[in-house]
Amino acid sequence: MQKQITEDRAETVFEDFKKPYDMKAAVAEANRCLYCEDAPCITACPTSINIPEFIRRIATENIQGSAETIFDSNIFGMSCARVCPVETLCVGDCVFNHMEQPPIQIGKLQRYATDQAFEQDWSFFEPGADTGKRVAIVGGGPASIACAHELRLLGHSPTIFESRDVLGGLNTWGVAPYKMKADRALEEVNWIMQIGGIEVKTGVTVGQDVSFDELKNDYDAVFLGFGLGLDKFLKLEDEGLDGIYGAVEFIEKIKLEQPDVSNVQTAVVLGGGNTAIDAVRQLKGLGIPSVKMVYRGTEERMSGYAHEWEAAKIEGIEGVWHMSPNRFFGENTVTGVLCDVLDQDKKPTGAQQNIEADLVLLAVGQDKQGDIVQSLPGLEIEWGVIKVDSMGRTGCDGVFAGGDCANGAKEVVNATAEGRDAARAIDQYLN
Amino acid sequence: MADLSTNCAGIKSPNPFWLASAPPANSGDQVKRAFDAGWGGAVWKTLGQPIQNVSSRFAGHGYKGNKAIGFNNIELITDRPLDVNFREITEVKKQYPDHAVIVSLMVETKEEWKDFIKRSIDTGADGLELNFGCPHGMCERGMGSAVGQEPKVNEEITSWAMEYSSIPVLVKLTPNVADIQPHGLAAQRGGADGVSLINTIKSVIGVDIDNFVMRPSVGAQSTNGGYCGSAVKPIALHMLASLARNKDFNLPISGIGGVSTWRDAVEFLLLGATSVQVCTEVMLHGYRVVEDMLTGLNNYMDKHGFKTLNDFVGKAVPSYSEWGNLDMNYETVAKIDADKCIGCYKCMVACHDGAHQCIFPSKDDSRVPVIDESECVGCNLCEIVCPVPDCITMTEVDNGFAPASWNEHVAGTGKLRPKKGAH
């Protein structure tokens, strides 16, 4: 069974970046919605939530009906409401953007309805008639849980194998705490599990404790949702010094433990993606006086979301551009990073600059661990990512995949959609 | 600066905006503040034998966040002592000689009418308004709409008032009748100087769905009330226009019913009113709403070159015709301005589900809908649901047919174009 997480977690100091609506604010915002036909916001949502419908239901104070509309399409509707980059998805496609009106705050409305569902303890789902079919699910993140829930609706019996002692994947140990904290992620997992009939085996690493081939033989189908591997390192000189961590690894410490950063004066995060932005904002939020994001490219061309970086700058984070780490400095503990100064085309100019730091996080990607399933016949892996069709079918008969291990690293909402759709493909396969 | 002054049935005021006989015109202090804010006149809250009111009294009809697009009340006439009312009216009139002060009356016997009219005239008031309209409470006692719904009673009591009054008399009509015209004509036969309309509409505004009691609730009970506010304007405009276009009806009209903005007021004036009375908008937002009414009306008149209200009072009355006289060959189709369209497809779903199925999705990814003009009947629905100003316009089509009405068609003198969208 899952372990309880401690209450002594560094993340608890964070407040919500986007404040939740109360009833009157939610209804007022819902009343602004135009209730578009064939709405662009639905198309923009990877899980295709019927957004105008759930908003109309908030406007009529049919909050239970609203939550049902959301969960019908997206069982992780509560966390997606908080962690989705809505500015680039549903909100970004709201037609109000075309008439110089503020777009509808779909994420905040979705949060209102889904939070109510949790607070009022509404449940909407019953398992389907038992088919007797058993499905092994590798990994316990959103893709796997969404897949398991959908399989239960269809009457199948899933078993989740999770190598850690808690479920939820990055929702539990990776989401920035100003969006959602670990205890809320676990509440959501438990709420989803209420459907019953989902067996959970934590502390079991498939590939070590049990082989993929065994699962394939013992179960009627297999879903792979094991996500990404460890943070990548740069293999630079003195990278082993104390005070140098992978960003995902350190975020997990903030989420689930109480790392001591009280003596850190300057923290540097290497990278320009969303993990890098998450990391700098969290380090700043923990009270580190100087936090810098050091990136090889330009502010314009960084892969992290512009709206997230804007928020980071407002919080006092400094961006350092055109710098590529060359080596680290320090006795036992890191004291700085020596960087090569790059030109516009990311080519070395020959100049170098030392950036002082007593904490360094590497946010240069995570290992893609598709290779651990190489033994499955017919399954194709490209750059460490499992190849799937639009319904999550791999090249190996009876084996399906979704989430980061199959999409290379996307959002929770993508993982949820892929897990759900794979369950429907599994159902077809089993019938 | 246009001249906003008016003379409605011999009652003069610096502008056509009067407070209707209702809670905002309940006391001297209120009316003085209203005049200071800019109101041109006030019809005092109806005097009669003072009554006692219930709690609660008001309720709103809400839609999409607006709690009172319609409004109703179960309050009765004045509950204040008569001598206090008459003393305050006298004071107000003395202090505001150029503003119109009209005393609204509702009593039963001829003797009472005589007495109340005399005391009203003694205040120096500019006119009287006979309340033949109240549809709740007072009508159960044989007054208000109980009078206004019976042309003979209306005519008789009006004639009493005319016998006793030396100042102009308006008869306030109830809309709770099948046809307003016999009631306006009854007031005219009784000798009235003018009519005012409409009073409130008999209504049940809503039900508390968790406690199973109608609103506004008085404990576990409620009763029908009088409906007013913005939502009743179309009903008021119809009754106003019905009388204004009646060749046998010649009295001035003070327009009432849902007047909330200067635009509403202009519409009432265009359909023949020479003053407008406002209550609900003031109850919801205060006397200050008159400031925009005054500047809005003035700017409208300047824009059209109207120097006085008489330049446009009744100007839209001739446009009111019978359906049988409408030109069946006049044809419009909807056009969408692609640059303004935001791609909400509201027009498409409305046309598809609620009209004539002639708007279709864009063939490319622009989300600008495509209109099949050969099927478009020119109904306006798409233009109404479009959230973008001036994005959809109804455009006249020259179909080559000479104008022809249904009546002409029946008489064999008009040739109609082929029907559209009727297959």
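A residue counts as buried under 20% relative accessible area, as exposed over 50%, and as partly exposed in between. A:Glu237, at 48% relative accessibility, is therefore partly exposed. The model described here is predicted.

The side chain of A:Glu237 forms a salt bridge with that of A:Arg327, with an N to O distance of 3.1 Å.

## Other salt bridges and a buried aspartate

Over all chains, the whole structure holds 45 salt bridges. One of them joins A:Glu11 to A:Arg9, with the closest N and O atoms 2.8 Å apart; both A:Glu11 and A:Arg9 are buried. Another links the side chains of A:Lys387 and A:Glu382 at 3.8 Å, N to O. A:Lys387 is partly exposed at a relative accessible area of 37%, and A:Glu382 is partly exposed at 45%.

Salt bridges also connect A:Asp16, A:Arg82, A:Arg111, A:Asp115, A:Arg184 and A:Glu187 into a network.

A:Asp278 is placed in helix α12 (residues 274–285) of chain A. With a relative accessible area of 14%, A:Asp278 is buried. Leaving out residues up to four places away in sequence, A:Asp278 touches A:Ala176, A:Tyr178, A:Lys179 and A:Ile251.

In soluble globular proteins, nonpolar side chains tend to be buried together. The largest nonpolar core in this model has 95 residues, and those with the most contacts inside it are A:Ile51, A:Phe54, A:Ile55, A:Ile106, A:Leu109 and A:Ile426. Helix α15 (residues 412–430) of chain A gives the largest share of this core, eight residues.

Apart from neighbours within four places in sequence, A:Ile55 is in contact with A:Ala30, A:Cys33, A:Ile104, A:Ile106 and A:Leu109. A second, separate core has 82 residues, including B:Val147, B:Val259, B:Tyr300 and B:Val317.

## Strand β9 of chain B

In a regular strand the side chains alternate between the two faces of the sheet. Strand β9 (residues 169–172) of chain B is covered on both faces: B:Val169 and B:Val171 are buried on one side, and B:Leu170 and B:Lys172 are buried on the other.

Strand β8 (residues 127–131) of chain B runs parallel to β9(B) and is joined to it by four bridges. In this pairing, B:Leu130 stands opposite B:Val171. Three bridges pair β9(B) with strand β10 (residues 194–197) of chain B, also in the parallel sense, and here B:Leu170 stands opposite B:Gly194. Between β9(B) and β10(B) the chain passes through helix α6 (residues 181–189) of chain B, in a β-α-β crossover that is right-handed.

## Interface between chains A and B

The size of an interface is often given as the accessible area lost when the parts come together. Between chain B and chain A, about 1000 Å² is buried, and carbon and sulfur atoms give 61% of that area. Twelve residues of chain B are in contact with twelve residues of chain A.

How many salt bridges are there between chain B and chain A? The count is one salt bridge. A:Asp38 forms a salt bridge with B:Arg367, and their closest N and O atoms are 3.8 Å apart.

Methods:
Residues numbered from 1 in each chain as written. Chains lettered and ligands numbered in written order. Predicted model: local features only at pLDDT ≥ 70, side-chain atom pairs only at ≥ 80, totals over all residues. Heavy atoms only, no water. Core = buried A, V, L, I, M, F, W, Y, C linked by side-chain atoms within 4.5 Å. Buried < 20%, exposed > 50% of the residue type's maximum accessible area, 1.4 Å probe, protein only. Helix = DSSP H or I, 4+ residues; strand = E, 2+ residues; numbered from the N terminus. Contact = heavy atoms within 4.5 Å. Pairing = 2+ DSSP bridges. Right-handed = clockwise from strand over helix to strand, strands pointing away. Buried area = accessible area lost by both parts, 1.4 Å probe. Salt bridge = Lys/Arg side-chain N within 4 Å of Asp/Glu carboxyl O.
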